Amino acid sequence: MTADWYPGIKAFCSHWSHAPMLQQTFETLEREFADENDACIDAAKGFVECACRLLIQELDDPLNPIDKWPDSPIRHAHPSFNNWVSAAFRLMAIVERRDDPFSKVISQHYNLTEALGKFRDIAGTVSHGKEGLSNKLSAHHRRSALLAADAIVTFLHEAYLEREPDPVRTFEPYERFRASNAVIDRHAALVAGDDEDGYLQVRVLLPNDDEIPLTIEPSRFLFGVDREAYKQALNACKEAAASPTSDDEEAK
């Protein structure tokens, strides 16, 4: 199966299934590789860059964005492929010291990045037009490009999964925080009611006897928690709004 050549890319795509551009790039990569087209090399390079930019968007601190760092690899106006990969590695903060032996592993991934970028410059058929009568590359060339891209994406993805995302600014879904969710569910409680304006008043009771007050519209609560319940409530409320009130009936 073609997917056996890029399991890390496939895993990354599955994790970020809610990222439209990433999914589109992945579909292109799969199609071109399965059809034995050299355009899969462009798609492989494009996927790595897209993955890096997604991780940067997820991990970057809006109060101290990486493009404002004095030595940032993406400080200039038009970052290169290598710059995006380097920025993703920087934000991961995987290596704590310059003499960390693990830096040798990372340097090899940088070499893969450099090789993939050059491979794409020479062999890519989409970004760089080729002579119409030039021969296609072999399956070995295409597989090598996919293996290099997959190694980079796998390394970044596995490193990312070891981090705890910031729940305030993450693009990750609720399910990503299973351990944190379980802690809150075990130690916190909810008390709910409504006010005279029809808003849902919720008090989150914390184990230290503190409370977090929340005010939310019933529609927003339903839309965020259960779309089917939202639809059911909408239909019932539409019927109620369309039917005459008791006052209208008495007036008749």
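These questions and answers cover a predicted model.

Student: How many helices does the protein have?
Tutor: Read along the sequence, the pattern is α-α-α-α-α-α-α-β-β-β-α-α-α. There are three strands. The number of helices is 10.

Student: What span should helix α2 have, at 1.5 Å a residue?
Tutor: Helix α2 covers residues 20-34, which is 15 residues. The expected span is 1.5 Å times one less than the number of residues.

Student: Which helices are included in what covers the buried residues of α2?
Tutor: The buried residues of α2 include Leu 22, Phe 26, Leu 29 and Phe 33. Their cover in α2 includes α1 (7-15), α3 (39-59) and α6 (139-161).

Student: How many residues apart in sequence are the parts that Asp 38 and Arg 142 tie together?
Tutor: The side chains of Asp 38 and Arg 142 form a salt bridge, N to O 3.0 Å. Asp 38 sits in the loop between α2 and α3, and Arg 142 in helix α6, so the tied parts are apart in sequence by 104 residues.

Student: Is Glu 49 buried or exposed?
Tutor: Glu 49 forms a salt bridge with Arg 53, with the closest N and O atoms 3.5 Å apart. Buried means under 20% relative accessible area. Glu 49 has 15% relative accessibility, so Glu 49 counts as buried.

Student: What does Arg 53 count as, at 42% relative accessibility?
Tutor: Arg 53 and Glu 49 are four residues apart in helix α3, about one helical turn. Exposed means over 50%, and buried under 20%. At 42%, Arg 53 therefore counts as partly exposed.

Definitions and conventions
Residues numbered from 1 in each chain as written. Predicted model: local features only at pLDDT ≥ 70, side-chain atom pairs only at ≥ 80, totals over all residues. Heavy atoms only, no water. Helix = DSSP H or I, 4+ residues; strand = E, 2+ residues; numbered from the N terminus. Buried < 20%, exposed > 50% of the residue type's maximum accessible area, 1.4 Å probe, protein only. Contact = heavy atoms within 4.5 Å. Salt bridge = Lys/Arg side-chain N within 4 Å of Asp/Glu carboxyl O.
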